[in-house]
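Hello,

Here is the structure we talked about. Please look through it when you have time; my notes are below it.

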Amino acid sequence: MNRYVKTALLAGAAWSALSSFAMAQNAAPQDGASSLDDVVVTARRRDELLKDVPISVSAISEERLEQTGASDITALQQQTPNATVQVARGSNSTLISFIRGIGQQDPLWGFEPGVGLYVDDVYVARPQGAVLDIYDVQRIEVLRGPQGSLYGRNTVGGAIKYVTNTLSSDPELTLRGAYGSYNQIDLMAVGSIPLADNFRVGGAIASYQRDGYGTNLNTGAEHYNKDVLAGRLSAEWEPREDMSIRLAYDRVQDDSNPRHGHREVAGVGVGAGIQPSVYDTFAGIGDENSVTSQGASATIRLELNDNWTFKSITAWREGDTDTVIDFDNTPAPTLDIPAYYADDQLTQEFQFLFDYDRIQGVAGFFYLDGHAEGAFDTVLGGAGIVIGTTGQVDTESWAGFADANLDLTDRLHLGIGMRYTLDDKRGTVFRANYLGATRSPILGGTPRAPLLVRTNYTASKDFTQFTPRIALSYDLTDDMTTYASYSQGFKSGGFDMRGDAFLTPNTVNGYDPETVDSYEIGLKGALDRLTFAASVFYNEYQDQQVTTQVPAGAGIASFVDNVGSSTFYGAEFEGQLRILDNLTANFAVGYLNSEFDEFLRYNLTTRTFEDISSQVVLQNAPEWTGYLGLTWLGDVGGGQLAVTPSVSYRGDFSLFEFPNPLLDQKAYSLVDLSIVWTDPSDRFTVGLYGKNLTDEEYRVGGYNFPGALFNNSIIGYYGPPQTVTASLQVKF
């Protein structure tokens with residue numbers, strides 16, 4: 001059956017069922033259906049009740065994060081339908097995010113993510129250092145679907161918003177310690193103090209230490225360990241009743257050892273066998289790794305009058321990464337990659353929020369000035385050469401936006417949003433072969449002239465895009481809303497920092513933006529013991545950017561092409577059911593169908609583009625995802641005990657566009673159990689958290705370099721094994 005017909009039938013059936021269900025509830029409203037009134041989100045850049053927002057949003061509170069023992073934002077993958085939130089292959093703190101099958105796998109500098117990350121409304125442009133540990137957090141929002149009108153460029157898949165706690169007007173101090181498997185030791189302190197009635201300062205510091213899940217059997221070093229120090233300082237001042245100022249600074253230092261991966265097939269020579277543990281390696285390039293990420297922001301809010309509020313968000317961020325990855329996982333320099341990345345960004349956003357009787361919204365301006373640079377060597381011992389690559393990209397982005405909600409009647413609402421973006425990019429790429437399988441002069445190796453200059457250019461490109469949004473919502477009851485929406489998002493174009501002009505001359509022209517047009521209908525609300533959100537969506541993905549690297553003689557050819565188009569459709573259902581007064585179920589189910597309509601691949605032999613859409617699939621796009629967690633609350637020992645067993649499911653998925661049975665991940669489930677006790681005064685909290693209790697082995701990333709030159713280097717990276725952690729928290 002034609003996929004468009006199937007999509008129409010799916011959407012029509014869902015719309016009919018949801019509408020009938022809602023009308024039945026309208027005829028017989030249920031008591032106790034107002035629990036969603038407590039859930040406030042800022043998905044549309046203003047405080048709103050979750051049930052009133054015509055967007056698919058998962059809002060996970062601080063309490064829920066604590067109940068489930070979430071340690072960093074990768075925990076979102078388990079509780080959010082159709083989401084991939086993982087640590088990037090070969091790294092410890094680089095973030096890879098996909099929502100509804102749309103994202104960005106490659107974290108190389110200069111490439112744009114497909115899911116936007118925001119910390120207190122500050123855009124984090126680069127994925128390095130973006131695996132945020134969860135501490136001092138109020139909630140995390142996951143916005144699914146394109147967010148082009150309000151969040152702009154690089155939110156084609158959606159956005160993740162990490163919202164930290166505001167400072168208390170009373171002195172506060174919270175200390176937390178945890179000890180767990182693999183000698184895990186986590187220490188955290190969060191506190192604030194008022195220095196005046198209208199001025200408060202606060203801070204948080206957290207240390208995360210853990211031995212490795214495995215070992216580098218060549219050097220004896222820990223592998224998959226953790227060594228992170230993170231901190232945040234903030235100050236809040238209300239110089240007048242109508243004005244507030246918040247200053248914030250944060251820094252993360254990650255000195256965990258590099259992750260070299262695990263051989264999925266045997267090669268030839270010492271250490272080239274398949275190690276018994278998927279967390280072990282036999283890498284020889286070294287065990288030094290350092291990632292630093294820091295930033296500062298100033299947020300000013302001024303109430304101009306009863307209807308208008310002005311908000312200014314000024315932010316600066318920078319990051320540095322110095323790392324090594326051994327792709328072949330042997331002592332020999334068969335395929336070794338030493339690298340460094342660096343980036344900095346300055347952003348300024350002005351917002352004018354308005355609220356009249358029948359119209360509410362926001363209009364504003366956004367500016368970004370960003371710089372990203374880096375270098376890496378591809379050391380090829382079998383060829384006796386090293387390919388040195390370096391480059392940088394400078395980005396200036398301007399955008400004007402507006403989003404308004406108009407109450408056509410007391411129950412019928414029209415939402416309209418629009419954004420115009422101009423990106424100005426300038427890229428420089430240099431790539432050359434050098435004799436000798438040691439570091440190139442680019443990364444401090446022996447000075448020597450290149451054997452062959454493969455790429456050497458500087459170019460500039462401008463990209464403009466208008467991204468609209470329109471939504472029509474109707475309040476079926478006071479506690480239930482249905483909506484239909486259309487939105488568009490785009491990911492900026494750019495220049496391939498690995499581009500090989502010797503093999504692919506067109507790389508000097510860069511690649512164009514990609515766009516996603518999304519159509520969605522949904523229903524969200526509450527009745528009796530159930531709060532829920534349901535949606536059905538259809539996406540058209542155009543000018544899709546895909547990154548691939550393939551062996552090419554004595555080297556590797558890189559492609560970043562606008563390969564063509566794909567189509568997605570699916571459905572999501574999530575919520576909470578109060579089974580008994582002391583027993584609740586949290587659930588999430590996602591269905592996703594995706595396929596390429598066109599995939600143009602450059603043929604190195606014929607030097608032409610060929611449509612190979614029948615041979616490829618969408619990466620990180622499992623057909624089914626699901627989550628079920630039960631929480632029992634009871635009075636024990638004079639305090640409250642919360643017991644939360646949970647299971648999450650993730651269907652079969654491919655790590656790359658080209659299916660590979662050696663790397664593709666079969667469906668798996670993760671079983672967790674959390675037990676948290678809080679004393680009657682809410683001062684002491686004791687927790688016991690079991691993760692992946694069935695000790696499931698599952699891949700989260702990989703590299704595919706088969707062949708004799710690369711010693712058949714097919715490498716997998718794995719999620720955490722079974723762990724148990726105990727924690728104690730004290731509030732003063």
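Predicted model: local features only at pLDDT ≥ 70, side-chain atom pairs only at ≥ 80, totals over all residues.

Three strands form an open sheet in the order 4-5-6, and their pairing is antiparallel. Strand 4 (83-87) and strand 6 (102-103) are the edge strands, each pairing on one side only. Strand 4 is joined to strand 5 (residues 95-99) by five bridges. One of the residues involved is V87, whose bridge partner in strand 5 is L95.

Aromatic pairs. The whole structure contains 30 aromatic pairs. In one of them, the ring centres of Y118 and Y151 are 5.0 Å apart and the planes stand at 70°, so this pair is edge-to-face. Y118 belongs to strand 7 (residues 115-119) and Y151 to helix 4 (residues 148-151), so the pair ties together parts 33 residues apart in sequence. Y118 and Y151 are both buried.

Y182 and Y213 also make an edge-to-face pair, at 5.0 Å centre to centre with 75° between the planes. Y182 is in the loop between strand 11 (172-180) and strand 12 (184-196), while Y213 is in the loop between strand 13 (199-210) and strand 14 (214-215), 31 residues apart. Y182 is partly exposed, at 32% relative accessible area; Y213 has 13% relative accessibility and counts as buried, because the cut-off for buried is under 20%. Y182 and Y213 belong to one aromatic cluster with Y224, Y279 and Y718.

Charges over rings. The charged end of K226 sits over the ring of Y208, 4.8 Å from the ring centre. R650 lies over the face of F653, and here the distance to the ring centre is 4.5 Å.

Regards

Conventions:
Residues numbered from 1 in each chain as written. Heavy atoms only, no water. Pairing = 2+ DSSP bridges. Helix = DSSP H or I, 4+ residues; strand = E, 2+ residues; numbered from the N terminus. Phe/Tyr/Trp six-rings, centres within 6.5 Å; stacked < 30°, edge-to-face > 60°. Buried < 20%, exposed > 50% of the residue type's maximum accessible area, 1.4 Å probe, protein only. Lys NZ or Arg CZ within 6 Å of the ring centre and 35° of its normal.
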